[in-house]
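The sequence and the structure are shown first, and a description follows.

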Amino acid sequence: MRTLSVAAILAALTMPTLSADLTPSAIRALLEGQDATAVVRSLDESVWNGFLAHVEAGDRGWIDLVPLLAPGTDAGTSESLTISLSRALKSNPAGVLNVLAADHYSAADICGDNDIEVSLFEAVAFIDEALVKVAAVMDPALSEARNECLYALTDARISALI
């Protein structure tokens, strides 16, 4: 019993504290020593919410972490990650399309209104803004992902109005 307590204390002391040093490189360092599930479970709610805020803001370094952490998410964290990535369409559509182009998510999962409990007006406004932002991405390497996303956004807009 005593060795278990010492081991637990040592593990806690060697775990990087992300709340003060929340950076993509800090999360990557955690991923070097643990699988995605262990890393996601080690992040407390405020750190996870900070990560999601960076993704939603469209910060490329954070968006690049999404495919690495997604396999370690469960129902709630998976949903919040999908919503944040979807919201990032407005701030960094090319970054989100890069994730889609690498087959980490489908366009139907990301390119639509993923918010829970929003008004019809808010849903359509989000989709309209995302349509404009995604359509403006002209990188030939992202054209297939862009077109799939535009189709999914259009479908989501039509569905919202029906």
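## Helix H11 and its cover

The cover over the buried residues of H11 includes helix H8 (93–101), helix H9 (107–110) and helix H10 (120–135); contact here means heavy atoms within 4.5 Å. The buried residues of H11 are Ala145, Arg146, Cys149, Leu150, Ala152, Leu153 and Ala156, where buried means under 20% relative accessible area, exposed over 50% and partly exposed in between (1.4 Å probe, protein chains only). An α-helix has 3.6 residues a turn, so residues three or four places apart point the same way.

Helix H11 runs over residues 143–161, 19 residues in total. From first C-alpha to last, H11 reaches 27 Å, close to the 27 Å expected at 1.5 Å a residue; the expected span is 1.5 Å times one less than the number of residues.

## Basis of the description

The model is predicted: local features need pLDDT of at least 70, side-chain atom pairs count only at pLDDT 80 or more, and totals for chains, interfaces and linings use all residues. Residues are numbered from 1 along each chain as its sequence is written, and side-chain values use heavy atoms, with hydrogens and water left out.

## The chain as a whole

The protein chain has eleven helices and zero strands. Helices (H or I, at least four residues) and strands (E, at least two) are DSSP runs, numbered from the N terminus. Of the 162 residues of the chain, 38% count as buried. Among contacts between residues at least 6 apart in sequence, 69% join residues at least 24 apart.

Leu100 lies in helix H8 and is buried, with a relative accessible area of 6%. Leaving aside neighbours within four places in sequence, Leu100 is in contact with Tyr105, Ser106, Ala107, Ile110, Cys111, Ala145 and Cys149. Leu100 and Arg146 are 46 residues apart in sequence, and their C-alpha atoms are 8.7 Å apart in space.

Asp103 is placed in the loop between H8 and H9. Asp103 is exposed, at a relative accessible area of 69%, and has a positive phi of about 60° although it is not a glycine.

Ser86 belongs to helix H7 (residues 75–87) and is buried, with a relative accessible area of 1%. The side chain of Ser86 reaches the backbone oxygen of Gly112 at 3.1 Å. This is a polar contact, a pair of N or O atoms within 3.5 Å; within protein, one must be able to donate a hydrogen and the other to accept it, and residues adjacent in sequence count only if both atoms are side-chain atoms. Beyond its neighbours within four places in sequence, Ser86 is in contact with Ile110, Gly112, Asn114 and Phe126.

Thr73 sits in the loop between helix H6 (66–69) and H7 and counts as buried at 18% relative accessibility. A polar atom of the Thr73 side chain lies 2.7 Å from the backbone oxygen of Ala70. Not counting residues up to four places away in sequence, Thr73 touches Val40, Trp48, Ser78 and Leu81.

## The largest pocket

Residues lining the largest pocket include Val40, Trp48, Asp74 and Thr77. Helix H3 (36–42) and helix H4 (45–56) are the elements that give two or more residues to this lining. On a 1 Å grid over the protein atoms alone, a pocket is an open set of points where a 1.4 Å probe fits, with protein on both sides within 12 Å along at least five of seven lines, and lining residues have an atom within 4 Å of a point.
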